[in-house]
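Please keep the sequence and the structure in view while reading.

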Amino acid sequence: MLTVIIECKNQEPALAHTLSSLVTGAVEGLVSDVIVLDHGSTDGTEIVAEAAGCRFHRDWDLKAVITSARGDWVMLVEPGARPLTGWVETVTEHMALEDRPARFTHSSRYRRSWLTALFRRKCPLETGLLMPKKVALQKAEDCGSSPFALAGRMSARRLSCEIIPAWVVERARA
């Protein structure tokens, strides 16, 4: 079983996109719960999260959140990111055969321009991060309360399935 953790602030539409892409995993029995960590959103982020059955936290300690996760594995994603078709099978296989962290592959259809890639720092969660709960707990002690800091310190293998990064949704809204 897998727990998905999403950290956001005023990202209602992006969160809705990500949650809709996780439905397949919930239906297949892979995703056991989704936890939304909020930084004081003033839009409908909380309403979207609660309507989707997510646990919603305004104040949190990352280690306590990971400890409360129902799944034996944790997946961190940005609001707006969407794993593409086949992600459930790929993640299930990885969880069954591996015990190390993994990241999705960048979608071949959505790439940053070379100029943007050169001058803009890549977000550590741009390709998500999948890891065993025990690894997440160990790393959470070192990084404080930010999933972004946790993801930035992790090396991981690449999964064969792709993810549409969150910046695609942000660019479409602009």
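Predicted model: local features only at pLDDT ≥ 70, side-chain atom pairs only at ≥ 80, totals over all residues.

A search of the whole structure finds four salt bridges. The count of disulfides is zero. Lysine 133 is buried but has no salt bridge.

**Aspartate 33 and arginine 55**
- Aspartate 33 pairs with arginine 55 in a salt bridge, with the closest N and O atoms 2.4 Å apart.
- Aspartate 33 sits in strand S2 (residues 31-38) and arginine 55 in strand S3 (residues 55-57), so the pair ties together parts 22 residues apart in sequence.
- Aspartate 33 is buried, at 4% relative accessibility.
- Arginine 55 counts as partly exposed, at 22%.

- A salt bridge joins the side chains of arginine 58 and aspartate 38, at 2.9 Å from N to O.
- This pair links distant parts of the chain, 20 residues apart.
- Arginine 58 is in the loop between S3 and helix H3 (62-68), while aspartate 38 is in strand S2.
- Aspartate 38 is buried, with a relative accessibility of 0%.
- Arginine 58 is partly exposed, at 38%.
- A network of salt bridges links Asp38, Glu46 and Arg58.

**Glutamate 98 and arginine 100**
- Glutamate 98 and arginine 100 form a salt bridge, and their closest N and O atoms are 3.0 Å apart.
- Glutamate 98 is partly exposed, at 26% relative accessibility.
- Arginine 100 is also partly exposed, with a relative accessible area of 41%.

**Lysine 133**
- Lysine 133 belongs to helix H6 (residues 133-143).
- What is the nearest side chain of opposite charge to lysine 133? It is aspartate 72, 6.0 Å away. A salt bridge needs the nitrogen within 4 Å of a carboxyl oxygen.
- The lysine 133 side chain reaches the backbone oxygen of threonine 67 at 3.1 Å.
- Leaving aside neighbours within four places in sequence, lysine 133 has contacts that include Ile66, Ala69, Gly71, Trp73 and Val74. Thr67 and Asp72 are also in contact with lysine 133.

**Cysteines**
- The cut-off for a disulfide is 2.5 Å.
- Cysteine 54 is likewise in no disulfide, and its nearest cysteine sulfur is that of cysteine 8.
- Cysteine 8 is buried, at 2% relative accessibility.
- Cysteine 54 is buried too, with a relative accessible area of 10%.

Terms used
Residues numbered from 1 in each chain as written. Heavy atoms only, no water. Buried < 20%, exposed > 50% of the residue type's maximum accessible area, 1.4 Å probe, protein only. Helix = DSSP H or I, 4+ residues; strand = E, 2+ residues; numbered from the N terminus. Lys, Arg positive; Asp, Glu negative; His and termini not counted. Polar contact = N/O pair within 3.5 Å; in protein donor to acceptor, adjacent residues only side chain to side chain. Contact = heavy atoms within 4.5 Å.
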